[in-house]
Amino acid sequence: MSLSRQEEPENLLIRQIEAILFVAADGASVPEISLATGQPAASVRKVLARLSESYALSHGLEIVELGGKWFMTTASDLSETMDKFHAADESERVRLTRASLETLAVIAYSQPVTRSEIEAIRGVRCDRVIDTLLGYGLARIAGRRKSTGSPLLYRTTTKFLEIFGLGAISDLPTIDELEELKRHRPEPEDPSAELATVPETGIEAAEDETE
């Protein structure tokens, strides 16, 4: 059904308010919404009331007023579902030690590469670390090298590309680019700061383990 001219502004206001509440992590007051939309406060309150009632009936989200501000939140009766989702998400979070990150970098830049070649570059045994990377699906076995002993070859995976936001291995920064970045990066005051979560990738650096 087509909208009349009188209905169009109100429908635009509905969409504007939904968009504002969607991005307003700290909520939005009626005056703030009124200023952003250019609509009178009375119109904003009317639409908020309608949206609140509509969302409560048939949506997985709620539009509620708390402390003079309006919020878009998950429906209160779905709290158990959300708890299960967050628990599953947490269980899939990748936690890598510094040793694992270094080994992953060696594989990424040298692939296909054998375990002995990785160990030669890092100077330590890497059996356990490689198993960790295989377990997380960040590295994979890619056949065997045609040489004495036919050692296994390792490569990174599609999951590795996805987590680090790469379209292809060729998108990795060059060694020269990494060195340039390192030179311009300020030294952290607290060495433990380097073990913080990397939010862009969802990878956390954990405490080093014995290799």
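Biologist: Axes are lines fitted to C-alpha atoms, for helices over the stretch in contact, and angles run from 0 to 180 degrees between N-to-C directions. At about what angle does α5 run to β6?

Modeller: This is a predicted model in which local features need pLDDT of at least 70 and side-chain atom pairs count only at pLDDT 80 or more, whereas totals for chains, interfaces and linings use all residues. Residues are numbered from 1 along each chain as its sequence is written, and side-chain values use heavy atoms, with hydrogens and water left out. Helices (H or I, at least four residues) and strands (E, at least two) are DSSP runs numbered from the N terminus. Helix α5 lies across β4, β5 and β6, and its angle to β6 is about 95°.

Biologist: Which strands form the edges of the open sheet?

Modeller: The open sheet has 3 strands in the order β4-β6-β5, with antiparallel pairing; two strands pair if DSSP finds at least two bridges between them. Between β4 and β6 there are 2 bridges, and Val 113 stands opposite Tyr 154 of β6. The strands that pair on one side only, and hence are termed edge strands, are β4 (113–114) and β5.

Biologist: Which strands of the sheet does α7 touch?

Modeller: The direction of α7 makes about 110° with that of β5. Packing on the sheet, α7 touches β5 and β6.

Biologist: Why do the buried residues of α7 line one face, and within what arc do they fall?

Modeller: In α7 (residues 127–135), Val 129, Ile 130 and Leu 133 are buried, where buried means under 20% relative accessible area, exposed over 50% and partly exposed in between (1.4 Å probe, protein chains only). The arc is that of the directions from the helix axis to the C-beta atoms. The buried residues line one face of α7 because, seen down its axis, they fall within an arc of 100°.

Biologist: Which elements are included in the cover over those buried residues, and which exposed residues lie on the other face of α7?

Modeller: The cover includes β3 (94–97), α5 (98–110), α6 (115–122), β5 (139–144) and β6 (152–156). The face turned away from the buried side carries the exposed residues Asp 131 and Gly 135.

Biologist: Which exposed residues does the face of α2 turned away from its buried side carry?

Modeller: Val 30, Ile 33, Ser 34 and Thr 37 are buried in α2. Seen down the axis of α2, these fall within an arc of 100°, so they line one face of the helix. The face turned away carries Pro 31, Leu 35 and Ala 36.

Biologist: Leaving aside neighbours within four places in sequence, with which residues is Asp 26 in contact?

Modeller: Asp 26 is found in the loop between α1 (7–23) and α2 (30–37), and is exposed, with a relative accessible area of 62%. Its C-alpha atom is separated by 8.3 Å from that of Lys 69, 43 residues along the chain. Taking contact as heavy atoms within 4.5 Å, the residues are Lys 69 and Phe 71.

Biologist: Which residue takes a positive phi in the hairpin of β1 and β2?

Modeller: Strands β1 (residues 61–66) and β2 (residues 69–74) pair in the antiparallel sense over 6 bridges, and Glu 65 has Trp 70 as its bridge partner. The hairpin has 2 residues between the strands, and the positive phi, near 60°, belongs to Gly 67.
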